[in-house]
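Subject: Structure for your review

Dear colleague,

Please find below the structure that I am handing over to you. I would be grateful if you could read the notes that follow with the coordinates open.

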Amino acid sequence: MTDLDLKTGTAHPGVSGGWRTPDRLYRLISSPVLRMVLGWDLPRRDLRVISRRPGSVCLEVGSGGGFYTTALKTHLGAENTLIALDPSPSAMRALRHQLDAVPGARMSCVAGDGCKLPLADDRADTLFYGYSLEEMPDPLAAIREAHRVLRPGGELVLFLWRPVFTRRRRRPVVALLDELFERRRTSAGPQNIRLVYRKR
Ligand SMILES: C[S@@+](CC[C@H](N)C(=O)[O-])C[C@H]1O[C@@H](n2cnc3c(N)ncnc32)[C@H](O)[C@@H]1O
């Protein structure tokens, strides 16, 4: 655990609503080879968009089985802090064990809800969502939370899975992102959209 003022005592009842990737499907799509073929996902390469500054705090919202978390821990390095957050306490316990021996950032694994982040205002330097925003019950509330906890000048990095996050669902989300943040980078492939924003 870090010295951050994480509100870990907060109860997080089961999060419902939104699209939820079935567990069996998630296990399948967690295969690095399949993810590379299907989504052109290569964690070490994909995470290069995340800036590193010593002493920074990065929150990964919806870390799941840790497909990106290992590479993110290494990418950030020992001078930084990484908080992995997902609703399932058992998934977070498993992730903590899995990452214990991985060199890199100081780590906390926290069970929580992306629509109600357990961080104080302006506390995070970077927020990363790897195909998780589309699963949140209220993505607009999640974006407002991201805006609240990110410090001015902080970075918001989102990978969105197109087949799930259809144009109709995406439109109000991207409109709110563009209203609250300054867009720095966009890339779109057949399966995914990658967005980098900065908080003004
Ligand atoms: C498709 S998985 C992606 C997981 C991981 N980032 C990856 O790339 O493999 C979506 C993740 O979003 C998480 N999620 C769903 N609702 C959430 C919420 N309200 N708050 C935080 N995470 C949530 C799910 O538990 C799941 O781990």
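This is a predicted model: local features need pLDDT of at least 70, side-chain atom pairs count only at pLDDT 80 or more; totals for chains, interfaces and linings use all residues.

An unreviewed UniProt entry lists residues 59-158 as "domain: Methyltransferase type".

An open sheet is built from 7 strands with mixed pairing, and their order is S3-S2-S1-S4-S5-S7-S6. S3 and strand S6 (181-188) are the edge strands; each has a single partner strand, so one side of each lacks a neighbour in the sheet. On average, neighbouring strands are turned by 15° against each other, with direction ignored. Within the sheet, S1 and S4 run parallel and are joined by 3 bridges. Leu59 has Leu127 in S4 as its bridge partner. Helix H6 (residues 139-149) packs on the sheet, where it touches S4, strand S5 (150-161) and strand S7 (192-199). The direction of H6 makes about 150° with that of S5.

Two helices. Helix H4 (residues 69-76) is largely enclosed by the rest of the structure, because 6 of its 8 residues are buried. Those buried residues are Thr69, Ala71, Leu72, Lys73, His75 and Leu76. Just after H4, Gly77 adopts a positive phi of about 80°.

Helix H2 (residues 32-39), by contrast, is hardly covered: the count of buried residues among its 8 residues is 0. Trp40 follows H2 and has a positive phi, near 55°.

Ligand surroundings. The ligand is surrounded by 22 residues, and the closest are Gly62, Gly64, Phe67, Gly114 and Ser132. By class, this shell has 10 nonpolar, 9 polar and 3 charged residues.

In short, the points to inspect are the mixed seven-strand order S3-S2-S1-S4-S5-S7-S6, the largely enclosed helix H4, the hardly covered helix H2 and the shell of 22 residues around the ligand.

With kind regards

Key. Residues are numbered from 1 along each chain as its sequence is written. UniProt positions are given in the numbering used here, feature names are shortened, and annotations may be inferred rather than shown by experiment. A residue is near a molecule or strand if its C-beta atom, placed from the backbone, lies within 6 Å of it. Ala, Val, Leu, Ile, Met, Phe, Trp, Tyr, Cys and Pro count as nonpolar, Asp, Glu, Lys and Arg as charged, and the others, Gly among them, as polar. A residue is buried if 20 or more other C-beta atoms lie within 10 Å of its own, exposed if 12 or fewer, and partly exposed in between; C-beta atoms are placed from the backbone. Helices (H or I, at least four residues) and strands (E, at least two) are DSSP runs, numbered from the N terminus. Two strands pair if DSSP finds at least two bridges between them. Axes are lines fitted to C-alpha atoms, for helices over the stretch in contact, and angles run from 0 to 180 degrees between N-to-C directions. Two residues are in contact if their C-beta atoms, placed from the backbone, lie within 7 Å.
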